[in-house]
Amino acid sequence: MLAKADQRVIEGGTFQLTPDELETVSKFARGGAHQKHLLAWLPQSVEDRVTQDSQRTARIIEEYQHYTEPDWPTLIFATSVEHAQTLAALLNLQGITARSVSGTTDPAVRRRVVDGFRRGEITALINYGVFREGFDAPKTRCIIVARPVYSPNLYFQMIGRGLRGPKNGGNERCLILNVSDTIDNFGQGLAFTDLNWLWDRM
C-alpha cells in the first residue's frame with residue numbers, strides 16, 4: 001500500500017535565535033513539555049534568515065540534481081514564499097520546469113499549477129504553507145523537506161504526499177530529501193532525526 005522510502009540528508013545552515021525570538025519560543029514552553037511539543041515551526045523571523053542563506057539554497061538545488069532523475073515529479077516544502085519563488089526560479093534556470101505556490105497564490109492559478117504537476121507538465125512543485133494535507137499527486141517520486149519541521153505529525157503529513165504506493169496509484173519507491181539545519185539554542189530536534197526506526201524499516 002505504501003511506497004518504500006529512500007532517505008538522504010542535505011546539509012542545511014547554522015542559526016541562532018535572538019533574545020526576542022527566544023522569548024517568543026519560551027511562551028510556548030511555559031505550559032510544560034506537552035505544550036512545547038506543539039511548537040512545530042520556528043518564529044517567522046528565523047525562517048526569514050534561513051530563506052536568505054544563499055549557500056543553503058544552492059546546496060538544495062545541487063543535491064536535488066545529484067539524487068534525482070530529470071523526469072522525477074518532485075514536491076518541495078520551502079521555508080517561505082520568497083524561498084519557494086527562489087527555488088522555482090533557480091530550477092527553471094537549470095532547465096527543470098518548476099512552479100511555486102503558497103497560501104497567497106490565487107486559487108485558480110494554484111489549481112492550474114497542481115493540474116500541470118499531476119499531468120507531468122511541471123516537474124518540480126515548490127510550495128509554502130500548503131499541501132501538508134488534502135493534496136493528492138500519487139506519482140510524486142521525490143519529496144524535499146526544505147524547511148525546518150519539528151512536529152512528527154506535520155512531518156508525516158508532508159512526506160505522506162509521496163508514499164502512496166503502487167496500490168494507491170503511486171510508485172514503488174519515493175526519495176525523501178531532508179534539509180538538516182542546526183538551530184544552536186532552540187532546544188528541539190528536527191522531526192526527521194527521531195525517525196531512524198522508520199528509515200531502517202523502509
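Buried here means under 20% relative accessible area, exposed means over 50%, and partly exposed is in between, all with a 1.4 Å probe and protein chains only. Keep that handy for the tour.

Before you click: this is a predicted model, where local features need pLDDT of at least 70, side-chain atom pairs count only at pLDDT 80 or more, and totals for chains, interfaces and linings use all residues. Residues are numbered from 1 along each chain as its sequence is written, and side-chain values use heavy atoms, leaving out hydrogens and water.

**Stop 1: helix α6**

Select residues 107–118, which make up helix α6.

Now colour Val-113, Val-114, Gly-116 and Phe-117, the buried residues of α6. Look down the axis: they fall within an arc of 160°, so they line one face of the helix. (The arc is taken from the directions from the helix axis to the C-beta atoms.) An α-helix has 3.6 residues a turn, so residues three or four places apart point the same way.

What does the face turned away from the buried side carry? There you'll find the exposed residues Pro-107, Arg-111 and Arg-112.

Show β2 (74–77), β3 (98–102) and β4 (124–128) next, as the buried residues of α6 pack against these strands. At the helix start, zoom in on Asp-106: one of its side-chain oxygens comes to within 2.9 Å of the backbone nitrogen of Ala-108. Just after α6, click Gly-120, which has a positive phi of about 85°.

**Stop 2: the core**

Select Leu-125, Phe-131, Phe-135, Ile-143 and Tyr-155, the residues with the most contacts inside the largest nonpolar core, which has 37 residues. (Such a core is a set of buried Ala, Val, Leu, Ile, Met, Phe, Trp, Tyr and Cys residues joined through side-chain atoms within 4.5 Å.) Helix α7 gives the largest share, 4 residues.

**Stop 3**

How many disulfides does the whole structure hold? The search finds 0, with a disulfide being a pair of cysteine sulfur atoms within 2.5 Å. Select Cys-142: its closest cysteine sulfur, in Cys-174, is 6.5 Å away, too far for a bond. Cys-142 counts as buried because its relative accessibility is 0%, and Cys-174 is buried at 0% as well.

How values were computed. Helix = DSSP H or I, 4+ residues; strand = E, 2+ residues; numbered from the N terminus. Expected span 1.5 Å × (residues − 1). Contact = heavy atoms within 4.5 Å. Polar contact = N/O pair within 3.5 Å; in protein donor to acceptor, adjacent residues only side chain to side chain.
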